[in-house]
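Q: I would like to learn how to read strand pairing and helix packing in a model. Can we work through one example?

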Amino acid sequence: MSAPLTESSRPGLSPHTRMKNDAARGGWVLLAPERVLMLDPIAAEILTLCDGITEIGAIAEELARRHAAPREEVLVDVIEMLQGLRDKGLIIA
Amino acid sequence: MNALTNPVGPPLALLAELTHRCPLGCPYCSNPIALDRVRDELDTATWLRVIDEAASLGALQIHFSGGEPLVRRDLVTLVAHARKAGLYTNLITSAVLLDEARLESLRAAGLEHVQISFQDSQPTNADRIAGYEGGHEKKLAAARMVRAAGLALTINAVMHRQNLTHLPDMIALALDLGAGRLEIAHVQYYGWALANRQSLIPGRAEVRAAVLAVAAAREQLKGRLVIDHVVPDYYARRPKACMGGWARQFLNIAPSGLVLPCHAAQSIPGLRFDSVKERSLGEIWNHSEAFERFRGTSWMPEPCRSCERREVDFGGCRCQAMMLTGDAGATDPACELSPHHARLFETAMAESAVAPRAFIYRRYTKTPREEELPA
């Protein structure tokens, strides 16, 4: 099993995954081998910040600033979402 | 379904069966018994148009399949076009015809994902099942080339009574080859596989062991290997959501251009299919008689109609209902609520208990004679 993500993990899309702005459905989708994931606006915003360099802590900070939300709460949500995507092999960290 | 108040959503993916030609002879081939001829295959220009139509219809992925898609000389052109149209490009192949040069052209054209089928983890048995000497070795080499080229790799492990006990080795093989995904595909009994059912259908105890082994491996390999696994129908309690629901997510185009809601749909008599030679893909998706016939839930009989799972499994598989009950509009007998379910289970138990017969191999040049097929 892969190690759990932490504040200092640096997530990025897996080399076999890409994001696409899908006109037919009006939103972002994540494309991977035999997988299509419809992203809600928040998930899309988080993934746009996952460049493989920026730490999760900094991502949470940026999102907290943009949405005027408490950083610690944002951090918990971000880690939970990214952990799910990593378990499915859609992102690496 | 009312087209005005509840329009058909866009398809997720297009399965492009470029050809029925294939060097292998797998006795469970998913192609229809009546194979399309080379001279009836769609030409390059038509495929290019169809790819554009699929993308503008909202399809997100394209699966180039067959037969063996590598026998088409225009494969690289089609892949490049699909990628340019924004589709996630996937090649489903036996890989025995894949060499470095071809792979490099495909990679340069934008190919993203390659799925290679394996007939077993043991070379001799794998080649015997595929009816192709030396095939397993070639597949191993091809899988390594795919990873070295940096493309995503899926191993398709086709399982049945003559290899099911090797399942743990298949999982190890997928890991060893660097696959990101393993698809454990129990043989589905249509067409060729139905003709070979007695030689392929596993016993209940073997299936149960496989299900447990997969569940354990899936948990242990989380984040390393994605494992997709569908329990074989004959031992299931509820049917699979075949194709994610009829005409709901997928379009399948046969080599000759007929557009099918699933690759086995031609086994249903009386369904009229449209061809991309005559209508646009959009018209077909939205209005083709064959697509409308079992779309949504209004066609359903009881017990499906009032079932809380009617939009989970969509009544199961129409082709299987046809084959086993004689009525394509019946509840899939894989469902324990079907009056035919007990007979399905008994058939599986009985056939798996007797010795397998010699395989009827699927050959492009030869279709089995009537007397070779079970009644």
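Q: Which residue is the bridge partner of Leu91(B) in E4(B)?
A: Strands of a sheet pair through backbone hydrogen bonds, either parallel or antiparallel. In this predicted model, Val114(B) of E4(B) is the bridge partner of Leu91(B). Strands here are DSSP runs (E, at least two residues; helices are H or I, at least four), numbered from the N terminus. The model is predicted, with local features needing pLDDT of at least 70 and side-chain atom pairs 80 or more, while totals for chains, interfaces and linings use all residues. Residues are numbered from 1 along each chain as its sequence is written, with chains lettered from A and ligands numbered from 1 in the order in which they are written.

Q: How many bridges join strand E3 to strand E4 of chain B?
A: Two strands pair if DSSP finds at least two bridges between them. Strand E3 (residues 88-93) and strand E4 (residues 113-118) of chain B run parallel and are joined by four.

Q: At what angle do the axes of helices H2 and H3 of chain A cross?
A: Axes are lines fitted to C-alpha atoms, for helices over the stretch in contact, and angles run from 0 to 180 degrees between N-to-C directions. Helix H2 (residues 56-67) and helix H3 (residues 71-87) of chain A cross at roughly 125°, and their axes come within 9 Å. H2(A) is therefore oblique to H3(A): angles under 35 degrees count as roughly parallel, over 145 as roughly antiparallel, 65 to 115 as roughly perpendicular and the rest as oblique.

Q: Which residues make the contact?
A: Residues are in contact if their C-beta atoms, placed from the backbone, lie within 7 Å. Among them are Ile59(A) and Leu63(A) of H2(A), and Val74(A) and Val78(A) of H3(A).

Terms used. Two residues are in contact if their C-beta atoms, placed from the backbone, lie within 7 Å.
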